[in-house]
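Please read this briefing alongside the sequence and the structure, which are shown next.

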Amino acid sequence: MIDLLIQGCDILHLKEGETTLDLNQDIAIREGVIIQVAAAGSINPDNAKELLSAKGLLAVPGTANTHAHVPMVLFRGLVEDVTLASWFNDYIFPLESNLTPEDVYWGALLGIAEMIENGITAVADHYFFMDQVAEAVRDSGMRANLVWAVFGHEGEKKLNATVDFVRRWQGAAGGRIVTWLGPHAPYTTGPDFLHLSAKKAQELGVGIHIHVSETLEQVQLSLKEYGMTPIKLLKETGVLDVPTILAHCLFPTDEDIQMLAKLPTGIAQAPKTYMKAGMGTAPLTKLRAAGIPIGLASDGAASNNTLDLYEQARLLALTQKHLAQDPTVMPVSDVLEIMFHGGWQVLRMADQLGDLQAGKLADIVLLRQDGVHLYPRYNPAANLVYSLRASDVDTVICAGKVLMRERQLLTIDKKRVKQEIAQRLERLNQRVPGRRVAFYPA
């Protein structure tokens, strides 16, 4: 039997840097896995429990958001046009001290709803009160790699609490939830804390998700304090001995890049945040030439304002061309490679996801192609990068389950979520003197 049969869609395939389009195809799914892809009409619909008509829609793989702070949607638009140090120390870290576990649950659901509407089927989330984020992921039907962010000043006791979280939720929600450790960054945790985090990750058999080399000033501070770059510090403390998601990594040295190329690392890129905060631009051409996996990321909506990877893909292409002053840099095929394969490589799931073919997990997004901004369709691949809007996402399937159909969310009650959040906003947006979750070194 077939659990779900998608009928009559067009399918975008990406292989070895080339994109191809197969028209009018059926996709059969059983137990969350694609079992057959064939010309429309060649799979018997009588064998399917559920039929989904997709005539005229373009099927692409679900995308992975490789670095986010999903519940930060609660602070969207509160802090604009300030320096990075002020953003952290005067606003965000104080505001985050207001959060309760229940706040985080509803904030996570709001962010997950936005991501599903934008065709994202998995997120690597780095935040607080992660039991509640895990509950939101479980309830929503999407995938997640979850880490509980911990600062050095919170000590080993808090780190051990995050270890307990890893054990509680590893493999939960039918395998849709993966848990790693999340020391915040080299600039908020010292070498001893990083070494301890790496040791515990090795004992657990899990990876680490961490911010690193976000600004040139952070690199200079590390050189001054430790005599080495932040990335070298991660290597020396054992962090890079386990699989790592490196958030941002805008200023790696050539030596850093050579080091990362030999280690189980991947880099999450959120160019909208970098432009908005005036941080800089990562040398993606060098990183990709070294074979280091690159994935798209939204970062938090407090710094980025949207959880939209199509927007990030477009900005990634444009910033790289602008940086190089060369329009041939980061061609469409490279952007799609990062979008549909790179994210899953960063999450270490590329053997299971990223292609619409038999044997892969059934994370599938169906896109409308009839918008005037997408017409004429000379080049559907270029349309994906430069013309598509998140509102063109029509239907989203994760692990073979339909999470959104014809723009209607099926697992999240948006009205209820917004009502719950509305009654919390007055308390959440207050900055209490002397209260903050951490300090950002300027």
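Helices (H or I, at least four residues) and strands (E, at least two) are here DSSP runs, numbered from the N terminus. This is a predicted model, in which local features need pLDDT of at least 70 and side-chain atom pairs count only at pLDDT 80 or more, while totals for chains, interfaces and linings use all residues. Residues are numbered from 1 along each chain as its sequence is written, and side-chain values use heavy atoms, with hydrogens and water left out.

**Overall architecture**

- The protein chain has 16 helices and 18 strands, and its radius of gyration of 21 Å is close to the 22 Å that the globule rule gives for 442 residues, so the chain is as compact as a globular protein of that length. The radius is taken over C-alpha atoms, and the rule is 2.2 Å times the number of residues to the power 0.38.
- Taken along the principal axes, the C-alpha atoms of the protein chain fill a box of roughly 65 × 50 × 45 Å.
- Of the 442 residues in the protein chain, 59% are buried, where buried means under 20% relative accessible area, exposed means over 50%, and partly exposed lies in between (1.4 Å probe, protein chains only).
- Among contacts (heavy atoms within 4.5 Å) in the protein chain between residues at least 6 apart in sequence, 72% join residues at least 24 apart.
- The accessible surface of the protein chain comes to about 17400 Å², and carbon and sulfur atoms account for 49% of that surface; the areas come from the Shrake-Rupley method with a 1.4 Å probe, and for residues only the protein chains shown count as cover.

**Charges and salt bridges**

- The protein chain carries 41 positive and 50 negative side chains, with the centres of the two sets 3 Å apart. Lys and Arg count as positive and Asp and Glu as negative, without His and the chain ends, and each charge is placed at NZ of Lys, CZ of Arg, CG of Asp or CD of Glu.
- Over the whole structure, 21 salt bridges are found, each being a side-chain nitrogen of Lys or Arg within 4 Å of a carboxyl oxygen of Asp or Glu.
- An α-helix has 3.6 residues a turn, so residues three or four places apart point the same way. D164 is partly exposed at 38% relative accessible area, whereas R167 is exposed at 57%.
- A salt bridge also joins the side chains of K286 and D254, at 3.0 Å from N to O; K286 lies in helix α10 (residues 284-289) and D254 in helix α8 (residues 254-260), so the pair ties together parts that are 32 residues apart in sequence. K286 is partly exposed at 47% relative accessibility, and D254 is partly exposed at 46%.
- R368, which is partly exposed with a relative accessible area of 34%, meets D370 in a salt bridge of 2.4 Å from N to O.
- A network of salt bridges links E102, D103, R416, E420, R424 and R427.

**Helix α3 and its surroundings**

- Helix α3 (residues 130-140) is mostly covered, with eight of its eleven residues buried, namely M130, D131, Q132, V133, A134, A136, V137 and S140.
- These buried residues of α3 pack against α2 (101-117), β7 (120-127), β8 (143-150), α4, β9 (177-179) and β17 (401-405).
- G141 follows α3 and has a positive phi, near 95 degrees.

**Individual positions**

- H184 is placed in the loop between β10 (182-183) and α5 (191-204) and is buried at 6% relative accessibility. Not counting residues up to four places away in sequence, H184 touches H126, V150, F151, T189, I210 and H211.
- L194 lies in helix α5 and is buried, with a relative accessible area of 0%. Leaving aside neighbours within four places in sequence, L194 is in contact with P183, P186, T189, I210, L233, L234, T237 and V239.
- The C-alpha atoms of L194 and K235, which are 41 residues apart along the chain, are separated by 10.0 Å.
- G278, in the loop between α9 (271-276) and α10, is exposed at 64% relative accessible area. Its C-alpha atom is separated by 17 Å from that of H211, 67 residues away along the chain.
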